[in-house]
Structure formats: structure tokens, C-alpha cells
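Let's take a walk through this protein chain together, from its overall layout down to a few individual residues. Keep the viewer open as you read.

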Amino acid sequence: DPKFSEAWLELGNTLMDAGNFGEAADAYTACIDADPGNASCKNNVTIATRKASLADTALKEIKDNASGANSPEKMFTLALGYKEKGLRSEEERTYKKCLNLNVKFALCHYGLFEIFQQDQRMKDAKIACQNFLKFADASDFKPQIDNCERFVSANTY
């Protein structure tokens, strides 16, 4: 019976235990369709979706590392994907990996600046902004450069 929410919940739990996070999210979604007030399904669908997202990108990153295909550009793109999904700690970690690959990759410094500024980590934000200004090409990043220059001048000690 597709309207038996408890069966969907148990299926989702079993799939989560097996590490099939995408399928588990689908089962929890079906549970919510069957019983919109089911709190367990609502909570678990969020967890399963996040785990599925992390597993997919983590596996891709591992494969890219193994094949030597990671580049600062790919890490920056991956960080933007995390940003769109609201995965802030993964976004920050990926910007740092980007800079480990190439410390002069200006956009990763700017990405860190945005995170640090939003988190009110002003000392870190200033350092990230100064590094961005050091490595950024003025013709390509005019709005970001203007933003960083204003930030650094406003936060001088």
C-alpha cells in the first residue's frame, strides 16, 4: 500500500543503514507524501539528502585526486556547488584545498573572504582579502577588488 507511511519510513531507514542515501531520501519523500505530518520522515529526508550530496561530491573528489584531475578551477567550482547547497563548512574546506593546489588562485581567497566576513571573523577576512588583492587581475575582478579595497580600508588597525 503506497499510503502506508511506516513502511516507507522503515525502507528509508534500511536504505540509510546500507549507505544508499539517495534512495533513502526518495523513500522518506514517499513517506511524507503518504503522511505529511510524519516528523520522522521530515527529519530523515533532510539528513539523507545531505548525506547523498556529500557522498556524491566526496566520491568525485576522491576519483579526481586519484587521477590527478583536480585543479584550482575544479575545486573553486566544487566550492560554488557547496555554496549553492548551503554547505558552508564543505565550501570553506574546498576553498582551502583549492589554495593548497595553487596559493595564487585569487577567487578562492575571495570565497574565503566572503565566508569569514559573514561569520564575523574579521581578522581572517582581512587576510583573505589582502591575499585576493595581491593575486587578482584588476581587469577581470573589478567589483571584487573594489569590495575588498573598501573592506581593508574600513578595517585598518
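Two residues are said to touch, or to be in contact, when heavy atoms of theirs lie within 4.5 Å. Keep that in mind for what follows, and remember that this is a predicted model.

Start with the whole chain. The chain has eight helices and zero strands, so from the N terminus on, the elements simply run α-α-α-α-α-α-α-α. Of its 157 residues, 38% count as buried. Among contacts between residues at least 6 apart in sequence, 45% join residues at least 24 apart.

Helix α1 covers residues 5–18 and helix α2 covers residues 21–34. The two pack at an angle of about 165°, with their axes 8 Å apart. How do they run relative to each other? An angle over 145 degrees counts as roughly antiparallel, and α1 and α2 are therefore roughly antiparallel to each other. The crossing in which α1 passes α2 is left-handed. On the α1 side, the contact is made by Ser5, Trp8, Leu9, Leu11, Gly12, Asn13, Leu15 and Met16. On the α2 side, the residues are Phe21, Glu23, Ala24, Ala27, Tyr28, Ala30, Cys31 and Ala34.

Is Ala30 buried or exposed? Buried means under 20% relative accessible area, and Ala30, at 17% relative accessibility, counts as buried. The C-alpha atoms of Ala30 and Val45 are separated by 9.8 Å, although these residues are 15 apart along the chain.

Next, move along to helices α4 and α5. They pack at an angle of about 170°, with their axes 8 Å apart, and are therefore roughly antiparallel to each other. From α4, the residues Pro72, Met75, Phe76, Leu78, Ala79, Leu80, Tyr82 and Lys83 meet Glu90, Glu91, Thr94, Tyr95, Lys97, Cys98 and Leu101 in α5.

One is Glu90, which lies in helix α5 and counts as buried at 8% relative accessibility. What does Glu90 touch, not counting residues up to four places away in sequence? The partners are Arg50, Leu54 and Tyr82.

The other is Cys98, also placed in helix α5. Cys98 is buried, with a relative accessible area of 0%. Leaving aside neighbours within four places in sequence, Cys98 is in contact with Pro72, Met75, Phe105 and Cys108. Its C-alpha atom is separated by 8.9 Å from that of Asn70, a residue 28 positions away along the chain.

Helix α5 also packs against α6. Here the angle is about 145° and the axes are 9 Å apart, with a left-handed crossing. Arg88, Glu91, Glu92, Tyr95, Lys96, Cys98 and Leu99 in α5 meet Cys108, His109, Gly111, Leu112, Ile115, Phe116 and Gln118 in α6.

The largest one has 27 residues, of which Tyr95, Cys108, Phe113 and Phe132 touch the most other members. The elements giving two or more residues to this core are α4 (72–85), α5 (88–101), α6 (106–118), α7 (122–135) and α8. Which of them gives the most? That is α6, with seven residues. Apart from this core lies another, of 13 residues, among them Leu9, Met16, Ala25 and Ala27.

Setting aside neighbours within four places in sequence, Phe113 is in contact with Ala125, Ala128, Cys129, Asn147, Cys148 and Phe151.

Between α6 and α7 there is a loop, and Gln120 has its place there. Although Gln120 is not a glycine, it has a positive phi of about 60°. With a relative accessible area of 58%, Gln120 is exposed.

We finish in helix α8, residues 142–154, where Ser153 is found. A polar atom of the Ser153 side chain lies 3.1 Å from the backbone oxygen of Arg150. The C-alpha atoms of Ser153 and Lys126 are separated by 9.6 Å, with the two residues 27 apart along the chain.

Notes. Residues are numbered from 1 along each chain as its sequence is written. This is a predicted model: local features need pLDDT of at least 70, side-chain atom pairs count only at pLDDT 80 or more; totals for chains, interfaces and linings use all residues. Side-chain values use heavy atoms; hydrogens and water are left out. Helices (H or I, at least four residues) and strands (E, at least two) are DSSP runs, numbered from the N terminus. A polar contact is a pair of N or O atoms within 3.5 Å; within protein, one must be able to donate a hydrogen and the other to accept it, and residues adjacent in sequence count only if both atoms are side-chain atoms. A nonpolar core is a set of buried Ala, Val, Leu, Ile, Met, Phe, Trp, Tyr and Cys residues joined through side-chain atoms within 4.5 Å. Buried means under 20% relative accessible area, exposed over 50%, partly exposed in between (1.4 Å probe, protein chains only). Axes are lines fitted to C-alpha atoms, for helices over the stretch in contact, and angles run from 0 to 180 degrees between N-to-C directions. Angles under 35 degrees count as roughly parallel, over 145 as roughly antiparallel, 65 to 115 as roughly perpendicular and the rest as oblique. A crossing is left-handed if the near helix is turned anticlockwise from the far one by less than a right angle, and right-handed if clockwise.
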